[in-house]
Amino acid sequence: MQVEYISAFNVILGVIGRFWPVWIGLAIVMGASFAYKKKLGLYGQLFDSSVGIVGVGICLFWLFTAIFASTVAPFDPLAQVPIMKDALPGGIEPVSKLVYYFGGDKLARDVFSRMVFGSQIVLIIAPAATGFALMVGITLGLPAGYYGGRIDTVLSFLANLVLAFPVILLFYLLVTPGIMDTPIPYAMAGLFFLFPIIFFSVLFWTRYKNRPDRLYILLGLTLVIGGWIYAGLVFDADPLRIVHIDPNQLNIFVAVVFASSPGVFRIVRGLTMDIKTRDYVAAAQTRGESPWYIMLWEILPNARGPLIVDACLRIGYTTILLGTLGYFGLGLAPESPDWGTAIKDASRLLRSFIHPALPPTIALMSFVLGLNLLADSLREQSMKD
């Protein structure tokens, strides 16, 4: 039995058609953003420049692709059809009559479907790990910059100690099987995942300590939701099985947080040391506000611009790093459809078949490009502010 093929033009039309839920989502979000941009604050200001529009559009494209992956992809990313091994783009699978739009890989899996499902892994790990790194860096960087002295000395020493390691070597050590089989990743996860709970608890306490009716509700929600997520991520004990992360992904998650937190810490510390000399901070001190209130409600909001820009860039760096780890076969399972693993698998047969390597490479490049454009636009807007 031979594989039949469709024309290149039909391949292009077919790919565009498969993304129909993504186009609908983009049209709704982008249209609403343009219509109400004056009411959307910093996000709305992104639509005043072409760079911001393109950056937001690319990021939303991959976000909706991850959300609607099961609808966009015609095949299971792990499904193998022997006759489609190394099939060229446009091959028609004989049984289902569905098309391998980007061809098949060396294990007869649909390259297009693997690229689509690979976006889920990237868009779950990279932004979430960056968010946790921000929580750790902010929670430690604020007191270091505000108090100075021994607190600053100790925390800065620990941050510089981590930053002294080459990033790739640090990740290699944290995700190798020898470390993964020990309790170290779970102990680190248990420590890092406490920071969001601590951060929001202190945030609400300093703001609403004189309004117990609202304080108790917010603290209760923080402890319940935070504890639920904490139990699911660290102990895999979510009874509803909603919050769950595979052990391989947990190790990478912890490694990203551990490696990124010192960089965030140094940025927050430097911003705090500068902002704490401003007049509005002195006014808050004169009113008798507590140090943590000043840090969280006076200093942090005025440091949001650089932190948002850094977060966008850091998500891009993390995406590249995930691709690098996947390329070296570290962390995620060998059959994972993440873009780095897909590039690694395809690179071994580049002289014979180049088509399996191009989709995940272009996907990785385009997503990072969108994040960089978004960060550039945010930087311009923060400078105007």
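How many salt bridges does the count come to? The count comes to eleven salt bridges, a salt bridge being a side-chain nitrogen of Lys or Arg within 4 Å of a carboxyl oxygen of Asp or Glu. The model is predicted, so local features need pLDDT of at least 70 and side-chain atom pairs count only at pLDDT 80 or more, while totals for chains, interfaces and linings use all residues. Residues are numbered from 1 along each chain as its sequence is written, and side-chain values use heavy atoms, with hydrogens and water left out.

Side chains of opposite charge can pair when their charged atoms come close. Asp-310 and Arg-314 form a salt bridge at 3.0 Å, N to O. These two residues lie four apart in helix α16 (residues 304-327), and are therefore separated by about one helical turn; helices are DSSP runs of H or I, at least four residues, numbered from the N terminus. Both Asp-310 and Arg-314 are buried (buried means under 20% relative accessible area, exposed over 50%, partly exposed in between, with a 1.4 Å probe and protein chains only).

A salt bridge also joins Arg-379 and Asp-376, at 2.8 Å, N to O. Arg-379 and Asp-376 are three residues apart in helix α18 (residues 358-384). Arg-379 is partly exposed at 33% relative accessible area, and Asp-376 is partly exposed at 31%.

Arg-287 and Glu-298 meet in a salt bridge at 3.4 Å, N to O. This pair links distant parts of the chain, with Arg-287 in the loop between α14 (279-286) and α15 (291-299) and Glu-298 in helix α15, eleven residues apart. Glu-298 counts as buried, at 15% relative accessibility.
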